[in-house]
Amino acid sequence: MTAVLTAQEMKSLEQAAMEGGGWSGLELMERAGLEVVGAIFKARPDLGAGARRAVVLCGPGNNGGDGYVIARMLADRGWRVAVFSSAPGAVLPPDARTNRERWGGNVGSLDQAFAALADGTADLVIDALFGIGLTRTLGEEFRDIARLMAEPAGEMFRAAVDIPSGLQADSGQVLDYVMPADLTVTFHSANPGHYLCANSSIDEVTPICGELVVVDIGLRAGTPIANLVLNTPPRHVARKDATHKYQAGACLVIGGEKPGAARLAAEAALRIGAGVVTLGVPDAAQPITPLALMSRQVATVADLDDALVDTRLRSLCIGPGHGGGDLTRDMVRAACTSGKALVLDADGLTCFENHASDLFDMLPGQAVLTPHAGEFARLFPDFDAGADRLGAVRAAARRAGCTVLLKGKVTLIASATGHVVINDARYERHVPWLATAGAGDVLAGMIAGLMARGYLGAGAAHAAAWLHVDCARRFGPGLIADDLAGELPGIFREWA
């Protein structure tokens, strides 16, 4: 999986590269500038067709130094380039100061930058004000420029170096003002903030970063072991070596009086490869579809205990459409002591809203909790996922002692060890139609089905989250939850 590094990890990596004699700071800036210019023209080939007008905003650190390099490279291509800085050259770090001198042209103030942007004649604006090290607010002096960047005049294309200014690289929080970009070019590795950032005012799905491009500038030595990574296609899931249905794994999905959600979960478990999936419902006589699903009566805890005696049963899913309350809690307690792998979703979580410590005391390590933001807040009220989503899900997984999958456009999957996988449904995997009733039930069933096949909790959650998004992307607009699992066979045929 691809590492996602914090600002401090990136700083340490750059320092190690320079101390190792591979690159100087000036060489890294030159490569960074070249990659940014190349990424801009790749994203917008029309901008490379002839001389245009660019506005470059440079800040007080090395991010500003990258901006001066970009300005020089655009000028060498015949562009009319206006450079503006938030800091005098004397206060810049040595490498940034050298590149300001190499630029050689006029450098205006931020007040002048506002006028240059407001007239709408710039084809390109480069945000090289603040990079990934920003921890303070931008301040009032940036307010008007930030507003112009949020609602650009004319056809101006906005490119950010490293990260849009005002966005905190580790948390994704907007510190006060932020300068949205159409393209963000970052180096060696993305940062958590690129994925955790709130959406911009452009629309409901476009991140503040716009299109995110990660480029290689030659940083190799000393890459840290990352505790945060991007999810990847689980191609191994397409292989199934079982010779009979119980070897492929048996799964039990517990449903309530209205078992529609549980049926969605059960069909997903079956489609993802569990050999036998049984729907446990209060009335086993009711018709069950698809016909490949088995059913049995699970109306009481005693009924569940009878089902759990079967040693061939590997995983359970409790919660989708179950109804909550004392019965649901008692069934979860029975499941936790059964030795079976367990997925808790929806009512299986909310029924512990006032009994969370009881749940955490009994959860097995091979359990997966799948809350959305509201359920997470009720189960972990002292962890603020709104202010620090990454920190909150890590803390929750440690407290629960198992895998916690926090659903959203950016789904975070945390293990009790603190390792987190990002499953993104934006950028190139943008899938707005996944926001539909029952989609979470399907995801829970996919996880339970993979656990029935023998996958451990975290691995099952990673694989299911990827496939969940991929199914939605393949089906496209008009998707309802019933459609999701039916896309799995096509994916597996391509991967097998």
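How many nonpolar, polar and charged residues does the lining of the second largest pocket have, by class?

Analyst: By class, the lining of the second largest pocket has 11 nonpolar, eight polar and five charged residues; here Ala, Val, Leu, Ile, Met, Phe, Trp, Tyr, Cys and Pro count as nonpolar, Asp, Glu, Lys and Arg as charged, and the others, Gly among them, as polar. This is a predicted model, in which local features need pLDDT of at least 70 and side-chain atom pairs count only at pLDDT 80 or more, while totals for chains, interfaces and linings use all residues. Residues are numbered from 1 along each chain as its sequence is written, and side-chain values use heavy atoms, with hydrogens and water left out.

The second largest pocket holds about 490 Å³ of space, a volume being the space filled by probe spheres set on grid points that are joined across faces, edges and corners. A pocket is defined on a 1 Å grid over the protein atoms alone, as an open set of points where a 1.4 Å probe fits, with protein on both sides within 12 Å along at least five of seven lines, and its lining residues have an atom within 4 Å of a point. Of the 24 residues that line the second largest pocket, Gly408, Lys409, Leu434, Ala435 and His468 lie nearest its centre.

For context, the largest pocket has a volume of about 710 Å³, and among its 26 lining residues Glu14, Asn62, Asn63, Ile132 and Asp162 are the closest to its centre. Helix H1 (7-19), H2 and helix H3 (62-76) are the elements that give two or more residues to that lining, with the largest share, seven residues, coming from H1. The lining of the largest pocket divides into 13 nonpolar, eight polar and five charged residues.

Charged side chains also pair in this model, which holds 17 salt bridges, each being a side-chain nitrogen of Lys or Arg within 4 Å of a carboxyl oxygen of Asp or Glu. Arg52 and Asp123 meet in one of them, at 3.6 Å from N to O, and this pair links distant parts of the chain, 71 residues apart, with Arg52 in the loop between helix H2 (25-43) and strand S2 (53-58) and Asp123 in the loop between helix H5 (110-118) and strand S5 (124-128). Arg52 is partly exposed, with a relative accessible area of 26%, and Asp123 is partly exposed at 21%; buried means under 20%, exposed over 50%, and partly exposed in between, with a 1.4 Å probe and protein chains only.

In the salt bridge of Asp144 with Arg143, the closest N and O atoms are 3.5 Å apart, and Asp144 is partly exposed at 34% relative accessibility, as is Arg143 at 27%. Asp326 and Arg329 form a salt bridge at 2.0 Å, N to O; they are separated by about one helical turn because they stand three residues apart in helix H10 (residues 325-336), and Arg329 is buried, with a relative accessible area of 12%. Elsewhere, salt bridges that share partners join Arg429, Asp470, Arg473, Arg474 and Glu494 into one network.

How values were computed: Helices (H or I, at least four residues) and strands (E, at least two) are DSSP runs, numbered from the N terminus.
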